[in-house]
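Dear colleague,

I am passing on the structure we spoke about, with the sequence alongside. Please look it over first, and then read the notes that follow.

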Amino acid sequence: MIGVFDSGIGGLTLLNELTKKLPQENYAYYADVANVPYSYKTPEEILGYVEKAVLFLRDKGAKMIVLACNTATNVAVEYLRVKYDFPIVAIQPAVKVAADFDDSKRILAAATPITLAATRYKNLVASLGVEDRITNVALPKLVEFAEKGIFKGEEVEAYLQEQISPYNTEEYHYMVLGCTHFTFYEELIEKLFKNLKTVDGNKGTANQVKRILGSEGMLKAEGSGLVTFYESGVLVSDLAKYIKLMLKLRAS
């Protein structure tokens, strides 16, 4: 079984990619709804939440943990990889995809404030040599909208216009969605800002999961793809919300 962690429902966007890439695997999805959003928590608090969830998933029998939360990645992944000996795969903003596409256009990178301020993210940008081409924009309220099930409407559009319109979007081609919650809004963003193409780290992370499982001889040859959902350590019995969101992602 593969354990997938997110602060809330955002990681379902990565879970969707994983179940398409590895449909034979079983999954346990952990949404830390008791503490979402992480945008307003301290790094020390976030580290504690993430480690607790990772150990919970390990104790449930996960052979690999996937951090489907960019904020969790930036705060906790190095610490966890040093402390524990099981495979931990972590999502990160798909800046390289945008950087490789076109060196004449600027890159708009949207994430939570913690991700954008993290040394790990800054090192990623520096390693690609795109410091002069990238503009960061924090969109923490999108996490709150997503957790409330608000994926469209005047309130969301007004927020996106307020945060993104000040930039001359004609200078940009890609908008990197550096938070898995943001993927729920990719169609709306592309509709409002027609020259922006959104890109996230979900497909790349799913490919990395498959590669590592294969190299470790841990891939399942067959299976039903059972998914179990937990909310802050409690088994979810009413699955309607999660089923609805997964169907929404499959249809997009």
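P140 counts as buried because its relative accessibility is 15%, and buried here means under 20%. Please keep in mind that this is a predicted model. The residue belongs to helix α7, which covers residues 140–147. Leaving aside the neighbours within four places in sequence, P140 is in contact with S39, Y40, P113 and Y159.

**The chain as a whole**

Turning to the overall fold, the chain contains eleven helices and ten strands. Its radius of gyration is 17 Å, close to the 18 Å that the globule rule gives for 252 residues, so the chain is as compact as a globular protein of that length. The C-alpha trace spans about 50 × 40 × 35 Å along its principal axes.

Of the 252 residues in the chain, 52% are buried, and among contacts between residues at least 6 apart in sequence, 75% join residues that are at least 24 apart. The accessible surface of the chain comes to about 11,400 Å², with carbon and sulfur atoms contributing 51% of that area. As to charge, there are 29 positive and 31 negative side chains, and the centres of these two sets lie 4 Å apart.

How values were computed
Residues are numbered from 1 along each chain as its sequence is written. This is a predicted model: local features need pLDDT of at least 70, side-chain atom pairs count only at pLDDT 80 or more; totals for chains, interfaces and linings use all residues. Side-chain values use heavy atoms; hydrogens and water are left out. Helices (H or I, at least four residues) and strands (E, at least two) are DSSP runs, numbered from the N terminus. The radius of gyration is taken over C-alpha atoms; the globule rule is 2.2 Å times the number of residues to the power 0.38. Buried means under 20% relative accessible area, exposed over 50%, partly exposed in between (1.4 Å probe, protein chains only). Contact means heavy atoms within 4.5 Å. Accessible areas come from the Shrake-Rupley method with a 1.4 Å probe; for residues, only the protein chains shown count as cover. Lys and Arg count as positive and Asp and Glu as negative; His and the chain ends are not counted. The place of a charge is taken as NZ of Lys, CZ of Arg, CG of Asp or CD of Glu.
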